[in-house]
Amino acid sequence: MKIRIILPLLLLIISCKSKKPENTSVIVDSSKVEAIKKNRAFDLGTRLLDACNTSKFKSFNKEEATEKVIANATPEKVTATCLKIRQRNGKFNFIKLLDITYIKTTKEYVFRYDIDYEKKYFKRELKITINSENKVSAISTKEVPRKPM
C-alpha cells in the first residue's frame, strides 16, 4: 500500500522541472541608446555630483525627473549625502560610463557610471535610471569594494 502512494509521489517530484528564469535585463551598446537618454543621464548625474563641490543644488524639474525623484532629491537630503561622501572621498572630478542595462519589463535604461574623486581610497558608482518618457526615475550611488590584486 505504501509503495503505491510513495512511487507516484516520487515520480511526480522527479518529473517536475524548474523553469529557467527569463532574462529580463540585457547590457546594450552605447551606440544603440538614444542620445537624449545618454545626455540626460550624464548631465543630471554630473549636476548632482557638482552640487557636492559647490553646495548649490538646482532641483530637478518635471521634464527631467519623475515626481518620486523630485520629492526625494531635496536640497537638504542632497547636502547631507554630499557631506558624508565628500568627507570620505574628497572633491568630485568626473564620471565615466561603465555600462548601460536595458530592463525589458519596465522598458527602462540603467546607466552605471564610475565616479572619480580626489581621494582614490574608496571607489563609488552612480546609477541613473531613465524611463520610457526620458525622465530620471531613480538615482543611487554606492561604494564598490576594491578587487584585491
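Modeller: N131 touches K37, T66, K107, E108 and S137, leaving aside residues up to four places away in sequence. Keep in mind that this is a predicted model. Where does N131 sit? Its place is the loop between strand 4 (123–130) and strand 5 (136–144). Is N131 buried or exposed? Buried means under 20% relative accessible area, and N131 has 11%, so N131 counts as buried.

Now compare a residue at the surface. I6 belongs to helix 1 (residues 2–15). Exposed means over 50% relative accessible area, and I6 has 53%, so I6 is exposed. I6 also belongs to a group: I5, I6 and L9 form a nonpolar patch on the surface. Together they have about 290 Å² of accessible area.

Next, the disulfide. The count comes to one. C52 and C82 form this link, and their sulfur atoms are 2.0 Å apart. Which parts of the chain does the pair link? They are distant parts: C52 is in helix 2 (residues 35–54), while C82 is in helix 4 (residues 75–89). The two cysteines are 30 residues apart. The angle about the S-S bond is -60 degrees, and the link of C52 and C82 is left-handed. Both C52 and C82 are buried. N131 counts as buried too.

Conventions:
Residues numbered from 1 in each chain as written. Predicted model: local features only at pLDDT ≥ 70, side-chain atom pairs only at ≥ 80, totals over all residues. Heavy atoms only, no water. Disulfide = S-S within 2.5 Å. Helix = DSSP H or I, 4+ residues; strand = E, 2+ residues; numbered from the N terminus. Buried < 20%, exposed > 50% of the residue type's maximum accessible area, 1.4 Å probe, protein only. Patch = residues over 30% accessible without salt bridge, like charges linked within 9 Å, V, L, I, M, F, W, Y side chains within 5 Å. Areas by Shrake-Rupley, 256 points an atom, 1.4 Å probe, with all protein chains shown as cover. Salt bridge = Lys/Arg side-chain N within 4 Å of Asp/Glu carboxyl O. Contact = heavy atoms within 4.5 Å.
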